[in-house]
Amino acid sequence: MNVANLQLEGLLMAVAAINHTLVRKGVLTVEEIDIALRKAEAVETGEDRSEGISASNRDAINFPIRLLELANQCQPEADMPSFSKLARMVGQMKEPYNDQM
């Protein structure tokens, strides 16, 4: 596996753990994090950004956001699922784009 992929995996899980801690400590709510992540995804899938980008590239761009969204849905008291489990879940929840290139 590419080292950069492993670094991104670690970074995503670190961000997920930080979000989890922020919710557990009452700094942010699950809903506030969810809104922020949905806004980020909306920007990345908006017409300006997605014009001329293939569906697979859009999936790649949105993968980290969707993984964090799924991790955010975990109860603060529960253990965080592994990266591979979250990644599998992202693949299962993927919706087709309207304009397949």
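Visitor: At roughly what angle do the axes of helix α2 (residues 30-45) and α4 cross?

Guide: They cross at roughly 165 degrees and come within 10 Å. Axes here are lines fitted to C-alpha atoms, for helices over the stretch in contact, with angles running from 0 to 180 degrees between N-to-C directions. Helices themselves are DSSP runs (H or I, at least four residues), numbered from the N terminus.

Visitor: And why is α2 called roughly antiparallel to α4?

Guide: Angles over 145 degrees count as roughly antiparallel, under 35 as roughly parallel, 65 to 115 as roughly perpendicular and the rest as oblique. A crossing of roughly 165 degrees therefore makes α2 roughly antiparallel to α4.

Bear in mind that this is a predicted model, where local features need pLDDT of at least 70, side-chain atom pairs count only at pLDDT 80 or more, and totals for chains, interfaces and linings use all residues. Numbering runs from 1 along each chain as its sequence is written, and side-chain values use heavy atoms, leaving out hydrogens and water.

Visitor: Is the crossing of α2 and α4 left-handed or right-handed?

Guide: Left-handed. That label applies if the near helix is turned anticlockwise from the far one by less than a right angle; clockwise would be right-handed.

Visitor: Which residues make the contact between α2 and α4?

Guide: Contact means heavy atoms within 4.5 Å. Among those that make it are I33, L37 and E41 of α2, along with I61, I65 and E69 of α4. By class, the α2-α4 contact has seven nonpolar, three polar and six charged residues. Nonpolar covers Ala, Val, Leu, Ile, Met, Phe, Trp, Tyr, Cys and Pro; charged means Asp, Glu, Lys and Arg; the others, Gly among them, are polar.

Visitor: What makes α4 roughly perpendicular to helix α5 (residues 83-93)?

Guide: Their axes are 9 Å apart at an angle of about 110 degrees, and that makes α4 roughly perpendicular to α5. F63, L67 and L70 are among the α4 residues here, meeting α5 residues including F83, L86 and V90.

Visitor: What makes a spot count as a pocket?

Guide: On a 1 Å grid over the protein atoms alone, a pocket is an open set of points where a 1.4 Å probe fits, with protein on both sides within 12 Å along at least five of seven lines; lining residues have an atom within 4 Å of a point. The largest pocket is lined by 10 residues, with N5, L8, E9, F63 and F83 nearest its centre. α1 gives the most to that lining, five residues.

Methods. Helices (H or I, at least four residues) and strands (E, at least two) are DSSP runs, numbered from the N terminus.
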